[in-house]
Amino acid sequence: MKWIRLNVELPEDDFVHMVKLEGKKLCIVRCQGKLHVLQNSCPHAGGVLSGGWCKNGNIVCPIHRYEYSLETGKGLAGQGDYIDVYPIEERVDGIYIGFRDSWIKNLFS
Ligand code: FES
């Protein structure tokens, strides 16, 4: 696992935003005070998840309103799909996002 520091200021309140890390877009969410980092592209038809919103612990895609768990990335029953969720740590010197080697190959190649 490689941890990369996120160099952006984040709001204290809940939000859904897009961040760029090493040139790649990710969706970052604070929902009920907890941070989550997700892939930014919806697997259904490419909607931008950072344009969506949180509902019952899920991110809702703004295009066709598919929902994915913020914790596991699993789509609602019947969707049969999922999104990548990334580990995140709030440390004294900033926020770090964890990437497995296989993710780095896909994300940063
Ligand atoms: S593109 Fe996201 S639900 Fe269809």
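## Terms and basis

A residue is called buried when its relative accessible area is under 20%, exposed when it is over 50%, and partly exposed in between, with a 1.4 Å probe and protein chains only. The model is predicted, so local features need pLDDT of at least 70 and side-chain atom pairs count only at pLDDT 80 or more, while totals for chains, interfaces and linings use all residues. Residues are numbered from 1 along each chain as its sequence is written, and side-chain values use heavy atoms, with hydrogens and water left out.

## Salt bridges between separate elements

With a salt bridge taken as a side-chain nitrogen of Lys or Arg within 4 Å of a carboxyl oxygen of Asp or Glu, the count is 3. In one of them, Glu-71 pairs with Lys-34, and the closest N and O atoms are 3.0 Å apart. Glu-71 sits in the loop between strand 7 (67-69) and strand 8 (85-86), whereas Lys-34 belongs to strand 4 (residues 34-39), so that 37 residues separate the two; strands here are DSSP E runs of at least two residues, numbered from the N terminus.

Glu-67 and Lys-55 also form a salt bridge, at 3.2 Å from N to O. Because Glu-67 lies in strand 7 and Lys-55 in strand 5 (residues 53-55), this pair ties together parts that are 12 residues apart in sequence. Glu-67 is buried at 8% relative accessibility, whereas Lys-55 is partly exposed at 39%.

## The Arg-91 pair

Arg-91 and Glu-89 form a salt bridge whose closest N and O atoms are 3.0 Å apart. Arg-91 is partly exposed, with a relative accessible area of 34%, and Glu-89 is likewise partly exposed, at 33%.

Note on methods. Helix = DSSP H or I, 4+ residues; strand = E, 2+ residues; numbered from the N terminus.
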